[in-house]
Amino acid sequence: MTDAAIGTGRKPAMNPMQIWNMSFGFLGIQIGFELQNGNVSRIFQTLGAEVNELAILWIAAPMTGLIVQPIIGHMSDNTWGRFGRRRPYFLVGAILASLALFIMPNSPALWVAAGMLWIMDASLNITMEPFRAFVGDNLPDRQRTRGYGMQSFFIGVGAVIAGALPWVMTNWMGLSNVAPEGQIPETVQWAFYIGGAALLAAVLWTVFSTKEYSPEQIAAFEKARHEALGIVEGSVETILRSARQFLAGGAVWVLAGVIVAALVALGRSGDGGIEIGKELFILAGLIAAFGVIQLVAGYLRNHELDDNGFMEVVNDLFAMPKTMRQLAVVQFFSWFAMFALWIYGTPAVTDFHFASPDPTTQGYQDGADWWSLMGSVRNGLAAAAALIFVIVAAKIDRRKLHSVNMAIGAVGFALMIVIRDPALLWVAQIGLGIAWASIVSLPYAILAGSVPAKKMGIYMGIFNIFIVVPQLIAATLLGFLLTVFFDGAPIYAMAIGGISFLLASIATLFVTDGASALQEQAEGA
């Protein structure tokens with residue numbers, strides 16, 4: 001980030017060490033997320049949760065992301081001070097997340113653990129969301145795949161460390177992975193303590209080793225980029241949605257939510273032989289809530305109360321660039337599958353591969369440790385795949401690469417069912433690891449070139465809605481689907497995940513890449 005390079009009007013390239021420093025904080029963030037993803041179901045079951053209750057208990061995590069990420073994106077877009085634009089959020093979120101990791105494994109009851117999941121996920125989201133925008137801020141188009149690939153590499157490495165911790169402590173350090181009924185094993189406790197310290201240290205490294213461009217410098221870079229693309233200044237401004245559109249759309253969504261709730265109530269009161277889970281009421285509430293948000297926006301616009309963050313986020317949601325709308329479909333199917341893996345991976349392996357569904361048994365704890373270790377294998381492979389993405393970033397069509405990767409991931413899900421010997425589950429992790437590396441890098445690289453630089457944070461936050469929504473739907477539907485169609489067997493969540501990955505693979509082929517989409521948006525304005 002030399003002054004001479006900045007003076008040319010073109011955003012300068014960063015050297016490998018700068019990209020490394022900028023991305024290093026994601027190592028700690030992913031340690032936190034992987035400890036959460038790999039052990040929270042285990043903690044819930046240890047504290048008395050039934051398998052069919054896991055999805056609804058997990059709903060706190062995506063709900064938190066849905067609320068937090070757009071807000072933090074909007075706030076970080078409009079922040080500039082001594083510590084920069086995004087870095088204050090890195091720091092605050094890391095401190096809170098570290099504290100949550102220290103407290104979570106000491107939860108005395110199930111309701112406490114569920115509450116701590118909410119707090120922990122909110123804190124991790126405060127840290128993570130600005131990191132996505134950080135790459136878009138600091139790197140030119142030609143380096144963004146490399147930047148997100150490096151983030152993906154650290155995501156893989158962090159997940160390897162976190163996934164291996166409980167297994168290493170049991171098999172190498174001799175700590176017990178079994179505890180009295182209702183208590184968390186000490187291997188899990190120490191994994192969370194170490195993870196909390198590592199998260200804070202990694203984020204601090206990025207905060208103090210990386211600088212940020214000022215809002216004025218980013219505006220100058222964006223102007224030069226538009227001139228190079230032949231885009232007339234102002235032609236890609238956000239089109240405001242009218243009050244009438246908000247009110248009409250809101251009414252439709254509220255009505256849809258009421259209808260879904262009524263159907264669920266009728267289904268639960270009938271004698272058709274199918275038990276409809278109460279968690280579907282949450283799905284109805286989410287549908288209606290989206291309608292209420294639009295009704296509020298319509299009211300505010302009618303009364304010319306537009307100058308606030310709420311209206312900016314809601315309007316930008318409906319004014320998404322073409323590429324972002326297309327990628328939303330890809331994200332939906334990708335993250336629906338991943339949430340199935342996270343929720344049901346532990347119960348699926350302990351039941352299907354270890355024949356030990358009871359959390360109080362040694363077999364269950366051994367199976368849970370093994371699945372945690374398989375998470376390390378999966379994420380180690382993801383880190384290796386991410387390095388390949390970094391190397392070949394400028395030579396490969398990102399859309400075709402992502403489509404192939406998702407198809408490979410579908411094969412990985414299928415192998416989870418085909419393979420019965422737990423010692424061979426590493427084979428399935430090859431496909432799942434490649435797909436995971438792709439999910440956390442390539443869509444962001446495609447997106448970053450299609451959104452206005454001054455709104456990078458808010459659009460990255462909105463983009464994460466399409467990570468959260470499929471997780472919420474998974475949390476409300478997966479338990480019902482498994483109960484109705486698969487007699488509650490958690491292994492068949494892997495089949496649902498494989499189908500979802502295939503749909504993501506197909507949807508990717510219809511995406512328009514970033515710069516081309518920006519030009520189309522300008523020409524259509």
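The talk below goes through helix pairs, then the pocket, then the cavities.

Biologist: What kind of model is this, and how are residues numbered?

Modeller: This is a predicted model, where local features need pLDDT of at least 70, side-chain atom pairs count only at pLDDT 80 or more, and totals for chains, interfaces and linings use all residues. Residues are numbered from 1 along each chain as its sequence is written, and side-chain values use heavy atoms, with hydrogens and water left out.

Biologist: How are two packed helices described?

Modeller: By the angle between their axes and the distance between the axes. Axes are lines fitted to C-alpha atoms, for helices over the stretch in contact, and angles run from 0 to 180 degrees between N-to-C directions. Helices are DSSP runs of H or I with at least four residues, numbered from the N terminus. Take α3 (residues 25-46) and α7 (residues 110-138): their axes come within 10 Å and cross at roughly 160°.

Biologist: What does that angle make α3 and α7 to each other?

Modeller: Angles under 35 degrees count as roughly parallel, over 145 as roughly antiparallel, 65 to 115 as roughly perpendicular and the rest as oblique. α3 and α7 are therefore roughly antiparallel. Their crossing is left-handed; that term applies if the near helix is turned anticlockwise from the far one by less than a right angle, and right-handed applies if clockwise.

Biologist: Which residues make the contact of α3 with α7?

Modeller: Contact means heavy atoms within 4.5 Å. From α3, the contact includes F26, F33 and F44; from α7, it includes L117, M128 and F131. By class, 14 residues of this contact are nonpolar, 5 polar and 2 charged. Here Ala, Val, Leu, Ile, Met, Phe, Trp, Tyr, Cys and Pro count as nonpolar, Asp, Glu, Lys and Arg as charged, and the others, Gly among them, as polar.

Biologist: At what angle does α3 pack with α9?

Modeller: About 160°, with the axes of α3 and α9 (residues 186-209) 6 Å apart. α3 and α9 are therefore roughly antiparallel. Their crossing is left-handed. Among the contact residues are G25, G28 and G32 of α3 and A191, G195 and A198 of α9. The classes in this contact are 12 nonpolar, 7 polar and 1 charged.

Biologist: Which way does α2 cross α8, left-handed or right-handed?

Modeller: The crossing is right-handed. The axes of α2 (residues 16-23) and α8 (residues 141-171) come within 9 Å and cross at roughly 50°. α2 and α8 are therefore oblique to each other. I19, W20 and S23 of α2 meet residues of α8 that include R146, M150 and F154.

Biologist: How are a pocket and a cavity defined?

Modeller: On a 1 Å grid over the protein atoms alone, a cavity is a set of points where a 1.4 Å probe fits but cannot get out. A pocket is an open set with protein on both sides within 12 Å along at least five of seven lines. Lining residues have an atom within 4 Å of a point. Grid points are joined across faces, edges and corners, and a volume is the space filled by probe spheres set on the points.

Biologist: What volume does the largest pocket have?

Modeller: About 880 Å³. Its lining has 26 residues, and L66, F290, I293, I465 and V469 lie nearest the centre. By class, the lining has 26 nonpolar, no polar and no charged residues. Helices supplying at least two lining residues each include α5 (60-77), α12 (280-302) and α20 (465-486).

Biologist: How many cavities does the search find?

Modeller: The whole structure has 4 cavities of 30 Å³ or more. The largest cavity holds about 290 Å³. Of its 25 lining residues, F33, M128, W335, I467 and Q471 lie nearest the centre. α3 gives the most to that lining, with 5 residues. The lining divides into 15 nonpolar, 8 polar and 2 charged residues.

Biologist: Which helix gives the most to the lining of the second largest cavity?

Modeller: α15, with 4 residues. This cavity has about 90 Å³ of space. Its lining includes E34, N37, W342, W371 and R378. By class, that lining has 3 nonpolar, 6 polar and 2 charged residues.
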